[in-house]
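Here is a short briefing on one model.

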Amino acid sequence: MKANSEHIDRLITGCRKGDRKCQFELYQQYSKAMYNTALRIVNDEFEAEDVMQEAFINCYSKIESYKGEVAFGAWLKKIVINKSLTSLKKIKKKGEVQLKDMEYKLTNVSDEEQGVAEDELNDKVSMIKYAIGSLKESYRLALQLSLFEGYDNEEIAEIMQITNENCRTTISRAKVKLREALQHTAFAQ
């Protein structure tokens, strides 16, 4: 773990010097995770790609402000989340908000789970993702930041620019609405 941290530190140092090779390697290291984060928030593959690209450009131009107080991945993820939220606001302003049934691929599925079991698991994951996607934006965002991104309530409140109490209430209500949405699907057995 320490070797990886030292490698990232060397890449960051190279990026601060404008080394394109280091920038590309840092991009390769983090792009997939940052794309997935953006996709979970904006719910559109093309928009997620744009958000991720803009976030990396922003990262490289502001890399001097990275002080190492948090892990680099967490710092970069915060940029991606902020860019994603900005993108959502622009889309909402244009009136282009659409719910889409996104396809999500499972990773780390063992050979034994292939076939029918994999199809059932894919269906359940798809239904859960769809149910989350069908929630109103504030509920969806709060759940995604909490459940998928691992932020605590205080961090979510800061990101969403709401009070800690409002954050707890939003997450609680979002979970209730998610349960209700899942009860209305074939997933509820």
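Which residues is C59 in contact with, leaving aside its neighbours within four places in sequence? They are F72, W75, L76 and I79, where contact means heavy atoms within 4.5 Å. This is a predicted model; local features need pLDDT of at least 70, side-chain atom pairs count only at pLDDT 80 or more, and totals for chains, interfaces and linings use all residues. Residues are numbered from 1 along each chain as its sequence is written, and side-chain values use heavy atoms, with hydrogens and water left out.

**Nonpolar cores**
- A nonpolar core is a set of buried Ala, Val, Leu, Ile, Met, Phe, Trp, Tyr and Cys residues joined through side-chain atoms within 4.5 Å; buried means under 20% relative accessible area (1.4 Å probe, protein chains only).
- The largest one holds 40 residues, and L26, Y30, C59, F72 and L145 have the most contacts inside it.
- Helix 2 supplies its largest share, 9 residues.
- Apart from it lies another core of 9 residues, including L135 and A174.

**Helix 2**
- Helices are DSSP runs (H or I, at least four residues), numbered from the N terminus.
- A kink of about 50° is centred on Y30; the bend is the angle between axes fitted to the seven residues ending there and the seven starting there.
- At the helix start, a side-chain oxygen of D19 comes within 2.8 Å of the backbone nitrogen of K21.
- Just after the helix, N43 has a positive phi of about 60°.

**Confidence**
- The chain averages a pLDDT (the predictor's confidence in each residue, from 0 to 100) of 81.
- Over residues 96-110, pLDDT stays under 50.
- Where pLDDT is low, the predicted coordinates should not be read in detail.

Methods
Buried means under 20% relative accessible area, exposed over 50%, partly exposed in between (1.4 Å probe, protein chains only). Helices (H or I, at least four residues) and strands (E, at least two) are DSSP runs, numbered from the N terminus. A polar contact is a pair of N or O atoms within 3.5 Å; within protein, one must be able to donate a hydrogen and the other to accept it, and residues adjacent in sequence count only if both atoms are side-chain atoms.
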